[in-house]
Amino acid sequence: MSDITYLHNWNPDLCIQLKSDKKYRVDFNRFLVKHLPSTEAIQQGQEFEDADREGFVLQLKSRFDEAIEENASHQTLYSVYHRVSQYLRWCDKDGVWSFTQSSIEGYMNHQNERVMRGELKSSSYKTIHTKIMIAFTRYLDLPRSYFNNVVVRDNSDTESYEAYTRDDFKQILPFLRALFKQTHQQFIDDPERHIKAPCNIPTMTFHWKGSEYKLCAAISKMMAAATFLMAYYTYANTSELFKLKQPENASTTLGEIWYTMPAFKRRAFKTIRVKMGAHELEIPKYSMDFFDKLLEASRLISDGENALLLQLIASKKAHPITNNTLQNFLTIWVEKHFTFTDQTGRRLRPVVSRFRESGAQLTTFHQGKMANNIMLDNTLEVRKKHYSEGNKQSNKGMMQDTMAIREEQARSGVKTEEARKNSGIDVLVIEKENAINLPNLSRTSNGGSCDDPFGSKSQKYSKKAHKQGLAKEGERLACADLLGCFGCPHQVIVQSVADIWCLLSFRACIEESLYLHLDAHHYRKNFEQVMVFIDSEILPKIHPKIVKQAQEKLDDDGLHPAWDEPESILYLIPERQQENV
């Protein structure tokens, strides 16, 4: 075997390629010379001054090798390497011997002065302190007493991720949706062309506000936009999103789980589950379309066993989305061509953690802290540290609302609601920011919905209720003609298992009421028109899979609670007809 030849005194054995999102490389050759020149400069044979710290550098490299064998986090190892490199640059710049107690005290004093000048956060100082101490005591076996005279700081100035405001969402969400929708359509029209294209050749176009943009590496842009949209819809962590696998079965039916995917959390050593569509809210149609299209695009990229949901093409091969992908998408393309700013004039950009904080605030407002804790799936300390403060601008507005109402209460001696009206506050900031835009539908107990419950048909019910003293003067009652819904132009049927189960229960209750009638003629007079409409106009237009699942639910769970007694249907018959029953 021939001897290893070193390239211009650069030793490849002192360089480690780490496995991380950004493909970090830790090159200990750089530590051997002063001022830490680049790897390329050393390989080119340029002249550098020896730093006389070979023993420490070789030991540090050896401990890194041991840590890698023990499956240590490569991201953590790089952070230690990065902090040590900053320390060594300071030593070389100030002409101080490195890896001594005096150098450590001088370097940390320099960082402490930066904190006092407002150039560095106290929390950042603590991070530097921790990483340097790990390098000195754990990797280099130097005494902990080196740090006895070093200032210790806390994390008191750590800031929570800031939630997006309603205006922020109105800027970035339409942009992300338009980008994904346009690139997805072009991708599925000719996937091979975009998969095989070099990264520097434009293969797609993006139209936004009258301008056209040529897209290179278009698949990466499509999936980066998809990642941010997934963060908005699921409130999941970045690491969880990156690990999501393609689901085996997917259903985009309202009221059902679209799919559930396991995501392993390394530090917590547990598996959580990310769910989409797992609730009874009327989910906006565009969000379900997005899930469907994302899965379609992902399978065109790669649909092998254990294929990831969020993936892209690099060198004609499928690769997972990484933080580096998202960073390049934002800094190299989005911020070069587009300018989004928030209400304070700051640059606005999509950030996964900010979507998660927005979700935390929304969940807490509508469902309480318990639901928020379940949704975030983090420890109490993490939730307090990162997901508890909302948005600064919104918080100021909420505080102004509160002060105005309290001032009016103190001045006029009225209750909170009256003080709010007197102050001219129609909608509180907190209500506006946490409003959920749902379709304007009112569910009815027969399994359908109404898009105009307070229309002209509701007037007769309101008038009758006023006469009988069942409603206050001026109070309006929604239309309650459940039999009249069928054939009404305002009736809406939502294709969800829960609603169709209720509809089938309503139908079954009508059938079972036959024995309560005098004869078949009276039964047909009361209900024949409704039964015919359900069987001919509604059920044939519902997806067969939904009808089947609703029927199975009816067989397994029985009738819907609203229709579990045949007698309940009789109360819907007009009084004149009931007398003949």
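Mentor: Before we start, a residue counts as buried here when its relative accessible area is under 20%. Keep in mind that this is a predicted model.

Trainee: Thanks! Is Phe147 buried or exposed?

Mentor: Compare its value with that cut-off. The relative accessible area of Phe147 is 6%, and the limit for a buried residue is under 20%. Phe147 is therefore buried.

Trainee: How many aromatic pairs does the structure hold, and how are the rings of Tyr87 and Phe136 arranged?

Mentor: The structure holds 30 aromatic pairs. In the one you picked, the ring centres of Tyr87 and Phe136 are 5.6 Å apart and the planes meet at 80°. Planes over 60 degrees apart fall in one class, so the Tyr87 and Phe136 pair is edge-to-face.

Trainee: How many residues apart in sequence are the parts that this pair ties together?

Mentor: Look at where each partner sits. Tyr87 belongs to helix α3 (residues 74-94), while Phe136 belongs to helix α5 (residues 122-139). The pair therefore ties together parts whose separation in sequence is 49 residues.

Trainee: And what are the relative accessible areas of Tyr87 and Phe136?

Mentor: Both sit under the cut-off for buried residues. Phe136 is buried at 1%, and Tyr87 is buried too, at 0%.

Trainee: How are the rings of Phe136 and Phe147 arranged, and where does Phe147 lie?

Mentor: The ring centres of Phe136 and Phe147 are 5.9 Å apart with planes at 85°, so this pair is edge-to-face. It links distant parts of the chain, eleven residues apart. Phe136 is in helix α5, and Phe147 is in the loop between α5 and α6 (166-189).

Trainee: Which residue lies over the face of Trp501?

Mentor: There are charges over rings to look at here. Arg153 lies over the face of Tyr125, at 6.0 Å from the ring centre. For Trp501, the distance from the ring centre is 4.6 Å, and the residue is Lys553.

Definitions and conventions
Residues are numbered from 1 along each chain as its sequence is written. This is a predicted model: local features need pLDDT of at least 70, side-chain atom pairs count only at pLDDT 80 or more; totals for chains, interfaces and linings use all residues. Side-chain values use heavy atoms; hydrogens and water are left out. Rings of Phe, Tyr and Trp (its six-membered ring) pair if their centres lie within 6.5 Å; planes under 30 degrees apart count as stacked, over 60 as edge-to-face and the rest as tilted. Helices (H or I, at least four residues) and strands (E, at least two) are DSSP runs, numbered from the N terminus. Buried means under 20% relative accessible area, exposed over 50%, partly exposed in between (1.4 Å probe, protein chains only). A charge sits over a ring if NZ of Lys or CZ of Arg is within 6 Å of the ring centre and within 35 degrees of the ring normal.
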